[in-house]
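Colleague: I have not looked at this model before. Please take me through it one point at a time.

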Amino acid sequence: MVLTRDFKETIQARVARDPAFREALLKEGVEALLSGDMTTGKAVLRDYINATVGFETLSAETQIPSKSLMRMFGPKGNPNARNLFQVLGYLQQREGVRFEIRASR
């Protein structure tokens with residue numbers, strides 16, 4: 001089956017018009033990271049960042065160079081905790097959400 005529209009364009013369009021989808025995308029990225037799936041978590045967050053704030057604005061807000069941010073969320077990226085939590089804190093604030101971690105069995 002051939003896709004008629006670029007996947008990234010589809011994500012960006014949906015993020016622009018659907019706040020619930022935008023929030024769910026951010027949540028999915030964070031949940032993937034917390035479950036240990038760094039590859040998926042970084043990819044989802046990279047899509048979220050590209051579709052919302054962009055790496056240049058994120059860089060200005062976090063004081064982390066944009067090239068470092070792009071590498072951090074790239075396939076071979078290995079974000080340190082300080083930078084990752086700084087980015088996640090900003091994204092939560094910008095989105096108007098606050099994620100909490102709860103233990104469950």
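Modeller: A residue is called exposed over 50% relative accessible area, buried under 20%, and partly exposed in between (1.4 Å probe, protein chains only). The model is predicted: local features need pLDDT of at least 70, side-chain atom pairs count only at pLDDT 80 or more, and totals for chains, interfaces and linings use all residues. Residues are numbered from 1 along each chain as its sequence is written, and side-chain values use heavy atoms, with hydrogens and water left out.

Colleague: Is R98 buried or exposed?

Modeller: The side chain of R98 meets that of E100 in a salt bridge, 3.0 Å from N to O. A salt bridge here is a side-chain nitrogen of Lys or Arg within 4 Å of a carboxyl oxygen of Asp or Glu. The relative accessible area of R98 is 66%, so R98 is exposed.

Colleague: How many salt bridges does a search of the whole structure find?

Modeller: R98 with E100 is one of them. Another joins the side chains of D18 and R14 at 3.1 Å, N to O, and R14 is partly exposed at 34% relative accessible area. Over the whole structure the search finds 4.

Colleague: What separates E31 and K27 along helix 2?

Modeller: Their side chains meet in a salt bridge of 3.9 Å, N to O. E31 is partly exposed at 40% relative accessibility, and K27 is partly exposed at 42%. Helices are DSSP runs (H or I, at least four residues), numbered from the N terminus. Because E31 and K27 are 4 residues apart in helix 2, the separation is about one helical turn.

Colleague: Which helix gives the largest share of the lining of the largest pocket?

Modeller: A pocket is an open set of points on a 1 Å grid over the protein atoms alone, where a 1.4 Å probe fits, with protein on both sides within 12 Å along at least five of seven lines; lining residues have an atom within 4 Å of a point. The lining includes K27 and E31, along with L84, F85, L88 and I101. Helix 2 (19-34) and helix 6 (81-95) each supply at least two lining residues. The largest share, 5 residues, comes from helix 2.

Colleague: How many residues of that lining are charged?

Modeller: Ala, Val, Leu, Ile, Met, Phe, Trp, Tyr, Cys and Pro count as nonpolar, Asp, Glu, Lys and Arg as charged, and the others, Gly among them, as polar. By that scheme the lining of the largest pocket has 8 nonpolar residues and 1 polar residue. The number of charged residues is 3.

Colleague: Which residues of the largest nonpolar core touch the most other members?

Modeller: A nonpolar core is a set of buried Ala, Val, Leu, Ile, Met, Phe, Trp, Tyr and Cys residues joined through side-chain atoms within 4.5 Å. The largest core holds 25 residues, and those touching the most other members are I49, L58, F73, V87 and L91.

Colleague: Is F55 buried or exposed?

Modeller: F55 is found in helix 4. Leaving out residues up to four places away in sequence, F55 touches R46, I49, N50, S66, L69, M70 and F73. Its relative accessible area is 8%, so F55 is buried.

Colleague: What distance separates the C-alpha atoms of F55 and D37?

Modeller: Along the chain, F55 and D37 are 18 residues apart. Between their C-alpha atoms the separation is 22 Å.

Colleague: Where does Q63 lie?

Modeller: Q63 is not a glycine, although its phi is positive, at about 65 degrees. At 67% relative accessibility Q63 counts as exposed. Its place is the loop between helix 4 and helix 5.

Colleague: Which residues does N83 touch, beyond those up to four places away in sequence?

Modeller: N83 sits in helix 6. Its relative accessibility is 19%, so N83 counts as buried. The residues it touches are I64 and M72.

Conventions
Contact means heavy atoms within 4.5 Å.
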